[in-house]
Amino acid sequence: TASPKLPVLTIQGRITQLHVAATLTVSEEQKARYTEDKSKITGFKGDLLLQENLSAYATHAEGDGTTILTFHHLPQATVLVFATEPGPSAQKALGGLYDVYKELDAAVGEVTLIDAQYLLYSCEEEEKDVSKGTRGAYAVPGHGPMVYAGLAGPAALLDEARAAPEWQDNNIVKHIREGDWLLAYQADRLSDRPSLQP
């Protein structure tokens with residue numbers, strides 16, 4: 001029988017270090033000696049075949065901020081672990097994220113754990129208690145109330161939406177596109193917390 005086509009793997013960045021390239025092997029002799037035991041877990045005695053470089057399994061080509069591994073040999077029970085360095089565009093994006101992190105750290109560096117919990121979470125009853133009954137968890141049309149009134153509520157819904165094939169039609173996405181109500185709700189929550197005021 002023909003062997004199945006081996007995969008081509010595209011990795012963002014450049015491979016800088018190979019930590020492990022290994023295949024667990026079991027000899028035909030060991031397979032022949034195997035007997036099933038219904039009273040306990042049994043298995044094969046195997047050997048770990050270590051490789052010094054990726055060339056035992058694949059050729060690789062670098063370009064345009066990616067590495068392409070074209071496998072020519074990839075037996076079952078093979079493990080490849082390697083470190084990568086991001087390409088130029090990814091390094092630029094990471095630099096931008098680091099700048100955002102510095103700004104965020106400056107903005108929330110003084111926030112207490114209690115304030116952070118309020119900012120991120122608060123269930124329906126906690127939110128009603130804080131607002132003296134005027135506000136519960138935010139309700140998205142077509143979905144209902146969020147699990148959390150804080151930022152973790154919309155974050156969870158956006159995670160679900162992002163995973164859906166038709167994410168543009170998701171209730172939270174449509175709601176955000178239609179207006180600033182969710183943003184206004186979150187801003188209004190901050191007015192109940194003087195320690196979170198600018």
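**Surface patch, sheet and salt bridges**

Colleague: Which residues form the nonpolar patch on the surface?
Modeller: In this predicted model, V20, L24, L48, L50, V79 and V81 form the patch, and together they have about 530 Å² of accessible area.

Colleague: Which strands supply at least two residues of the patch each?
Modeller: Those are β2 (14-25), β3 (47-50) and β6 (78-85).

Colleague: And L48, buried or exposed?
Modeller: L48 is exposed, at a relative accessible area of 57%. Its place is in strand β3.

Colleague: Changing topic: what is the strand order in the open sheet of three strands?
Modeller: The order is β1-β5-β4, with antiparallel pairing. β1 (8-12) and β4 (58-63) stand at the edges with a single partner strand each, so one side of each has no neighbour in the sheet. On average, neighbouring strands of this sheet are turned by 20° against each other, direction ignored.

Colleague: How many bridges join β4 to β5?
Modeller: Six. As for E62, its bridge partner in β5 is T67.

Colleague: Now salt bridges. How many are there?
Modeller: The count comes to 12. One of them joins E127 and R189, at 3.0 Å from N to O. E127 lies in helix α4 (residues 124-130) and R189 in helix α7, so the pair ties together parts 62 residues apart in sequence.

Colleague: Is that E127 buried or exposed?
Modeller: Buried, at 0% relative accessibility. R189 is also buried, at 1%. Salt bridges that share partners join E127, R135, D188, R189 and D192 into one network.

Colleague: What does E29 form a salt bridge with?
Modeller: With R33, the closest N and O atoms being 2.8 Å apart. E29 is exposed at 52% relative accessible area, and R33 is exposed at 55%.

Technical notes:
Residues are numbered from 1 along each chain as its sequence is written. This is a predicted model: local features need pLDDT of at least 70, side-chain atom pairs count only at pLDDT 80 or more; totals for chains, interfaces and linings use all residues. Side-chain values use heavy atoms; hydrogens and water are left out. Patches are made of residues with over 30% relative accessible area and no salt bridge: like charges are joined within 9 Å, nonpolar side chains (Val, Leu, Ile, Met, Phe, Trp, Tyr) within 5 Å. Accessible areas come from the Shrake-Rupley method with a 1.4 Å probe; for residues, only the protein chains shown count as cover. A salt bridge is a side-chain nitrogen of Lys or Arg within 4 Å of a carboxyl oxygen of Asp or Glu. Helices (H or I, at least four residues) and strands (E, at least two) are DSSP runs, numbered from the N terminus. Buried means under 20% relative accessible area, exposed over 50%, partly exposed in between (1.4 Å probe, protein chains only). Two strands pair if DSSP finds at least two bridges between them. Axes are lines fitted to C-alpha atoms, for helices over the stretch in contact, and angles run from 0 to 180 degrees between N-to-C directions.
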